[in-house]
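Subject: Structure for your files

Hello,

The structure you asked for is below. My notes on it follow.

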Amino acid sequence: MTSSEQTIYPSLDGNISYIRDKLCHTDDLKVRHLTYRGQSSALIYLESTVDPTLIERNVIRPLRQGGDEDLSQLFLTLRLETEHKLDQGTQSLLSGNCLFFTKDDMKQFYVLTTPAKYERSITEPENEGIIRGAHNGFIEDLTVNLYQIRQQISSTDLKVHYHNIGSTAPRKVAVMYMNNLADPAVIKKVEGRLKGITIDSVISTGFIQEFMEDQPFSIFPQFLNTERPDHTGAYLLDGHVVIMLEGDPTALIVPVSFFCFYQTPDDYSNRWMIASFVRFIRLLSFITAFQLPAFYIAIVAFHSNILPIQLFFTVQGSLTRVPYPPLVEAMLLELIFELLREAGLRLPSRVGQTIGIVGGLVIGDAIVKAGFVSYTMIIVVALTAISSFLIPSNEMSSAIRILRFPLMICASIFGFIGIAFGLTILFIHLCKLESFGKPYLSPLAPLKIKGFKDAFLRFPIWTIRGRHGEKKHN
Amino acid sequence: MKRGRGALCCTMLGLSTALLTGCWDREYLKDLNLAYSVGFDLTKDHKIKETVELIIPPKTEQSATTNEIHSAVGLSTRGASNILRARVRGNMRVIKNSVQLIGRSLAEEGLKAPMDVNFRDPRNPSSDVRLVVTENDASEIIGMKKIGELQIGEFLTQKIRSLEKMSLFYPPETVNTVFRALTDPGQDFVLPYIGVQGSEIVAKGVALFHDQSFSGTLGKDQSIMLVLLKGKSGGNARFTKTVNLDTSKPIRGSISYNVGNKKRKHEFHVSVTRNGDVHVTLSLKLQAVIEEFTGPQLLDDKAVKRVNRELSSIMTQEAREVVRELQQANCDIFGVGRQLMAYHPKLWKRIDWNKEYRNVQFHTQVQVSIIDTGVIQ
């Protein structure tokens, strides 16, 4: 890293050629030769990163017209900094600044902030739609995102801390928290792990997530990610820490518990009884989403005596033509469903309907008529699929979809006992799991009855949050 | 490195339990052939004849099931089953068995031997299997195959369940409860008793058992009375009696009433006198709802009082008759012996309960009071 110590050359041409070399003679590097105070000077910028009208109106025109005034008088509307290290200057070119070299002052040069802004409009995130409440979402620009959060939480306690991550192409990462609410131990952990990341470049928030997770070998996500400012703001005010990456609309929230993945902003805009009911249904879906196929296999292969007699004959009737064991039947249909789901995700929406027809009619009906699987299996898989889509967080939903395969195998080997063993192992894992030092299964383990108010159900807000401004500790 | 070894260990452990364990008790639903109702009879040469109703699963989801009747004779219950298995298709299983019929001839011999397999094998269901005694051969009833639209097993199950609600048989006697009574010397049991009349299957009342063998029967009204005397009710307990309200004119009206759905007071008390006589106080206070009255009078307060008196005396008479028949059949359904065992153990050790039960003095009293006459008087 000796080259970063390179200070300014005494000659204008020397400086220009150094920067040219440093940027590998890229074609979008522009050098404008101007005169300032009668001496030749140069304005250097990357035309792909700067706003051309800003440069024309606020830099070049004042220089031509203003004549010999002081630079800080000329560029009133732009941020002006002085710098003497050329490599710092080159780096700032990349982030949309332009450099101004004058001949009479060869000890330093000037950095003018003229970045181009091409940003997407603030729209509601597609996969996190809500019925009532704010309909804005994060975009790819960090400052706009921070603006949205600041707008929601206008508190002096909201602290933002920038980090640069990546050795070849560093990207800005913002860590946000409420200084008075967040747990200092968690903040220390987050900052420590962020600093420990050694990687060339960060492509997406998924990278940060994977580098920072407590248990990367666990199937359960330990970061909650959202593109909703209101969701993020609520967590900030609850004392959580938020990590955002420049150029990525996803906010990562830590520490989280299992139940966070089952909450949506809608829960708090609906009336509490309705919200409680919906949340209860959602937690019920956690059970059906991965246990239903296993349960079915266990019944059909081991414990058919628990079926009521009428159901017994219905199930038996639909099974008589299926030639292989229930596990194979279940695996086949689950895999077909996963194929359809993945295909539906990749296809453009105009072709999407085709998938519906293929899935619903061709596979759903014909596969039974052909005797590959039974109708009851289709019902089970359909219920499972619907339950898995009830989970608001896509990451949790995928995790649970995968979980049902090992459980199905357990059920096919040992029946109900197998399911019991599988679930025991799963819950031992969940109890042991931590997200940044906080127990994952809180408030269930460790047991905090008070926390149930906002975990299984959604009690009226005045009972969840202290009335007299007591803060909520997680 | 350490983690890798742990993961390897776990995988090996999982794989070996999955693949190496030989004991696999799985049984695919589609391979099962269900024996829904089973009947046992005693043949003339003292062998057991087992008759089963096999349910054949439908070919498609929409069509209905069909049934087949098979029977075989063997040395014992399981022996007959094994011979049956050689005859019927596939794997005959009794896991959803709902009713077991026992022919009267076999019941007279005793239940322990034919029921042994039911108690011994834990995979045989016991808690929801109704036991029924048949007047004729059990094979004759199961051989009817279909009653109307219903298959025989389904018909019998439904019939017994509905009669339990009418207090004809209550509480439900299943293989489980019978096993308990069989092993208890101080308690006997009764089982539903059915027979064939023409092409119909009718409930005849209950079959009384002493220890393990059939020892007598009670009629239908008597069966309901027995349930009430036990202090139980299946929900409804209906009687129809004739009463005479006017002593001057011989106008008689029949009255139907229900005592099963209101509160009852039941008193059962066993006492022993100094000289070792056992006295049992059995008193019952019933509240009746009039469901039908065909007499010409109105049931005003005065008439109701009279009806109360009449019904109480009729019911007391009947109750005493029931108790007499129970004693004759040596069927200790109330568990008097159990009370003696618990509170008078010295006496219990001294006496031969099989003989002494007939000498127990029952003081039976039934009191009926009408509390509702319906929407008209």
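A contact here means heavy atoms within 4.5 Å. This is a predicted model, in which local features need pLDDT of at least 70 and side-chain atom pairs count only at pLDDT 80 or more, while totals for chains, interfaces and linings use all residues. Residues are numbered from 1 along each chain as its sequence is written, chains are lettered from A and ligands numbered from 1 in the order in which they are written, and side-chain values use heavy atoms, with hydrogens and water left out.

Chain B overall

Chain B has 12 helices and 16 strands. Both are DSSP runs numbered from the N terminus, with helices being H or I of at least four residues and strands E of at least two. Along the principal axes, the C-alpha atoms of chain B fill a box of roughly 100 × 60 × 60 Å. Of the 377 residues in chain B, 48% are buried; buried means under 20% relative accessible area, exposed over 50%, and partly exposed in between (1.4 Å probe, protein chains only). Among the contacts in chain B with a separation of 6 or more, 68% are between residues 24 or more positions apart.

The accessible surface of chain B is about 19,000 Å², and carbon and sulfur atoms hold 50% of that. Areas come from the Shrake-Rupley method with a 1.4 Å probe, and for residues only the protein chains shown count as cover. Chain B carries 52 positive and 41 negative charges, whose mean positions are 6 Å apart. Lys and Arg count as positive and Asp and Glu as negative, without His and the chain ends; each charge is placed at NZ of Lys, CZ of Arg, CG of Asp or CD of Glu.

Ala319(B) is in helix 9 (residues 301–328) of chain B. Ala319(B) counts as buried because its relative accessibility is 0%. Leaving aside residues up to four places away in sequence, Ala319(B) touches Met225(B), Leu229(B), Thr364(B) and Val366(B). Tyr28(B) is 291 residues from Ala319(B) in sequence, and their C-alpha atoms are 52 Å apart.

Val336(B) belongs to helix 10 (residues 336–343) of chain B. With a relative accessible area of 0%, Val336(B) is also buried. Its contacts, again not counting residues up to four places away in sequence, are Gly186(B), Phe268(B), Val270(B), Val278(B), Val280(B), Trp353(B) and Phe362(B). Val336(B) and His279(B) are 57 residues apart along the chain, with 9.7 Å between their C-alpha atoms.

Pocket and cavities

Both were found on a 1 Å grid over the protein atoms alone: a cavity is a set of points where a 1.4 Å probe fits but cannot get out, a pocket is an open set with protein on both sides within 12 Å along at least five of seven lines, and lining residues have an atom within 4 Å of a point. Grid points are joined across faces, edges and corners, and a volume is the space filled by probe spheres set on the points.

The largest pocket holds about 1,500 Å³. Its lining has 34 residues, and those nearest its centre are Pro406(A), Gly422(A), Ile425(A), Leu426(A) and Cys10(B). Helix 15 (394–414) and helix 16 (416–432) of chain A, and helix 1 (2–20) of chain B, each supply at least two lining residues. Helix 1 of chain B gives the most, with 10 residues.

There are 2 cavities of 30 Å³ or more. The largest cavity has a volume of about 60 Å³. Residues lining the largest cavity include Leu168(B), Tyr170(B), Val206(B) and Lys230(B). Strand 9 (residues 190–197) of chain B gives the most to that lining, with 3 residues.

Backbone points to check

Most residues other than glycine have a negative phi, and most peptide bonds are trans. Cys24(A) has a positive phi, near 60°, and sits in the loop between helix 1 (12–22) and strand 1 (29–36) of chain A. Cys24(A) is exposed, at 65% relative accessibility. Asn330(B) likewise has a positive phi, of about 60°, and is in the loop between helix 9 and helix 10 of chain B. Asn330(B) is buried, with a relative accessible area of 8%.

A cis peptide bond joins Ser442(A) to Pro443(A), with omega about 5°. Another cis bond joins Ala445(A) to Pro446(A), with omega about 0°. Pro443(A) lies in the loop between strand 12 (438–439) and helix 17 (461–464) of chain A, and Pro446(A) is also between strand 12 and helix 17.

Regards
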